[in-house]
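Subject: Structure handover, salt bridges

Hello,

Here is the structure for your files. Please open it before you read on; the notes below cover its salt bridges.

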Amino acid sequence: RCSSASNGSACTQPAAHRAAASAPAAGADTAFGACSSRTTTMAAAASTSVSSMTGWGRTSTSATSTSRQLPNRASVIAQGMAQAKAGPARSSSPLPPEPFTLISRKPMAGGTLELVHWEVMQPPPTPPGAKPDPNAKPWARLLRVWLPPGFYPGDKTPQGLGYVPANASPPGGWPVIYLNDGQNLFDPPMSLSGHSWKAADTAAALIRSGALPPFVIVGIDHAGAARSLEYTPCKPGVGPPPGPRQDAAGWPGGGVDAYLARVVNIVMPWAQGVYEVASHPARVAFGGSSFG
């Protein structure tokens, strides 16, 4: 991670978040300098938040706690049925959804794409003497979960919101790949470049051809203006020229251990409980591009 990366044009922020990002949204995440030694352990990083390191970041603290009780599919189905019976909640408060709330689903590439609220991200603070950006507003960071054909009975995308019963998972759980820069995976409008990675179409083609068994994709949205912080083990742009990205010298960095700890301790157990994906390393992959 601390040597070089390829063109990151497809890994930058979605247009909707452009105003909230001060640095990593444009250009390529090319070579940056050598890191200083890393002394932060994964255990310590698990309790370190983006906001404590940079002055901006998450506000949904319940989604960051490693001790939070994560749901399984039976519990979220029961909760959804109870909510449906009670009817829509009436409240004038514009509070964001609880972490891991299913907010939308739609058919995609023969399977189903489900968008799940993870946390609320705050824009970066206004530098001293600068004029506040009126377009810099909090935004929702999502988990984007593509479920393959065969996940739901009859290969039909369920109607409405709320988790519903699914077909039994294969022995060992559904194979799963976790991908960074979730905004870029499925919907072109969410990618700043206007071109998605077509992850669902590619996965569906591989499944249809028999090259791979049915598997689940869990896309993890990047953190907007804190993207480089979470995806790098040191500040971009450090080290002598000509290799480093001198234009990235002001970007945040060094938070990769904290981010990976959250993926391992929070996102993965949640996906294993709710979507019954595999936990054995032989059936789990993790990927991304450029900084991610």
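A salt bridge here is a side-chain nitrogen of Lys or Arg within 4 Å of a carboxyl oxygen of Asp or Glu. This is a predicted model, in which local features need pLDDT of at least 70 and side-chain atom pairs count only at pLDDT 80 or more, while totals for chains, interfaces and linings use all residues. Residues are numbered from 1 along each chain as its sequence is written, and side-chain values use heavy atoms, with hydrogens and water left out.

A search of the whole structure finds seven salt bridges. Three of them follow.

Arginine 227 pairs with aspartate 181 at 2.9 Å, N to O. Arginine 227 lies in helix 5 and aspartate 181 in the loop between strand 4 (176–179) and helix 4 (199–209), so the bridge ties together parts 46 residues apart in sequence. Helices (H or I, at least four residues) and strands (E, at least two) are DSSP runs, numbered from the N terminus. Both partners, arginine 227 and aspartate 181, are buried (under 20% relative accessible area; exposed is over 50%, partly exposed in between; 1.4 Å probe, protein chains only).

Arginine 141 bridges to glutamate 119, with the closest N and O atoms 2.9 Å apart. Arginine 141 sits in strand 3 (residues 139–147) and glutamate 119 in strand 2 (residues 111–121), so this pair links parts 22 residues apart in sequence.

Arginine 141 also bridges to glutamate 230, at 2.6 Å between the closest N and O atoms. Glutamate 230 is in helix 5 (residues 227–231), so here the parts tied together are 89 residues apart in sequence. Relative accessible area is 0% for arginine 141 and 2% for glutamate 230.

Best wishes
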